[in-house]
Amino acid sequence: KVEKNGIMIYQSLPPNSILNVIKKKEQELKHEEEILEKILPQLSLLQPKEKVNVVIYEGYEGFKAMIDRTIQELKSEDVYDAMGISQTTKGMTFYAKRIYEAQKTKKFKARSIFDEKGVFKATERKTKWHEMKSLPKGWNTPALFTIYSDTVGIHLGKDGSIISIVIKNEDIAKSFRTSFEAMWKISKEIK
């Protein structure tokens, strides 16, 4: 740039200088790439090892879809634990029976803990692969928890509305299973 009579005058550079600008930017990018390649392994260690998948099912149709998903995912080596089986909607009671009917073909084990409001359901769910217990008298569990493999379900059916939250994560399933085992120990066998 040149100042002439108090006016700034700019002069363009030769056109081949554009190539020099591009080459300089390429060198800068190459340098940044080298730095990134060095720290990439450390960045990978910061990434969560295990993903959490959460699906929310609402209404009777959502509950049916969740039960169908559960039946499809259960394998013969799985144990299906249900804790807090209580009084629910008629639709939930009716459709949930499908899990225990699936035991006849899939041969997975099941353990259920009922509260005193839901213990009447035990007779309709009895199979040779299903152990059942009841919580101590006075314990009420409006929400039902189910656990199998790496999957946890939290279900609530009340006043005609149903919501199920299904979480797929090994650590969360392990935590719920630990709680189930503690409740199993203090519950009484249903005969």
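## Ground rules

Residues are numbered from 1 along each chain as its sequence is written, and side-chain values use heavy atoms, with hydrogens and water left out. Because the model is predicted, local features need pLDDT of at least 70 and side-chain atom pairs count only at pLDDT 80 or more, while totals for chains, interfaces and linings use all residues.

## Helix α3

Helix α3 covers residues 90-106, which is 17 residues. The expected span of a helix is 1.5 Å times one less than its number of residues. Just after the helix, K107 takes a positive phi of about 60°.

Several α3 residues are buried (under 20% relative accessible area; exposed is over 50%, partly exposed in between, with a 1.4 Å probe and protein chains only). They are M92, T93, Y95, A96, I99, Y100, A102 and Q103. What covers them includes helix α2 (59-73) and the strands β4 (79-85), β5 (109-114), β6 (130-134), β8 (151-158) and β9 (161-168). Contact here means heavy atoms within 4.5 Å.

β4 is one of the elements over α3. The strand is itself mostly covered: six of its seven residues are buried.

Two strands pair if DSSP finds at least two bridges between them. β4 pairs with β5 in the parallel sense, over six bridges. In this pairing, I85 stands opposite F114 of β5. β4 also joins strand β7 (residues 144-148) through three bridges, and these two run antiparallel. Here A82 stands opposite T146 of β7.

## A nonpolar patch

I35, L36, I39, L40, L43 and L46 make a nonpolar surface patch of about 540 Å². Patches are built from residues with over 30% relative accessible area and no salt bridge; like charges are joined within 9 Å, and nonpolar side chains (Val, Leu, Ile, Met, Phe, Trp, Tyr) within 5 Å. Accessible areas come from the Shrake-Rupley method with a 1.4 Å probe, and for residues only the protein chains shown count as cover.

One member, I39, sits in helix α1 (residues 17-46). I39 is partly exposed, at 35% relative accessible area.

## Salt bridges

Side chains of opposite charge can pair when their charged atoms come close. A salt bridge here is a side-chain nitrogen of Lys or Arg within 4 Å of a carboxyl oxygen of Asp or Glu. By this rule the count is nine. One of them links K30 and E33, with the closest N and O atoms 3.9 Å apart. Both residues lie in α1, three residues apart, or about one turn of the helix. K30 is partly exposed at 47%, and E33 is partly exposed at 39%.

A network of salt bridges links R69, E73, D150 and K168. K168 bridges to E73, with the closest N and O atoms 3.6 Å apart. K168 is in β9 and E73 in α2, so this pair ties together parts 95 residues apart in sequence. K168 also bridges to D150, at 3.2 Å between the closest N and O atoms. D150 lies in the loop between β7 and β8, 18 residues from K168. K168 is partly exposed at 25%, and E73 is partly exposed at 23%.

Technical notes:
Helix = DSSP H or I, 4+ residues; strand = E, 2+ residues; numbered from the N terminus.
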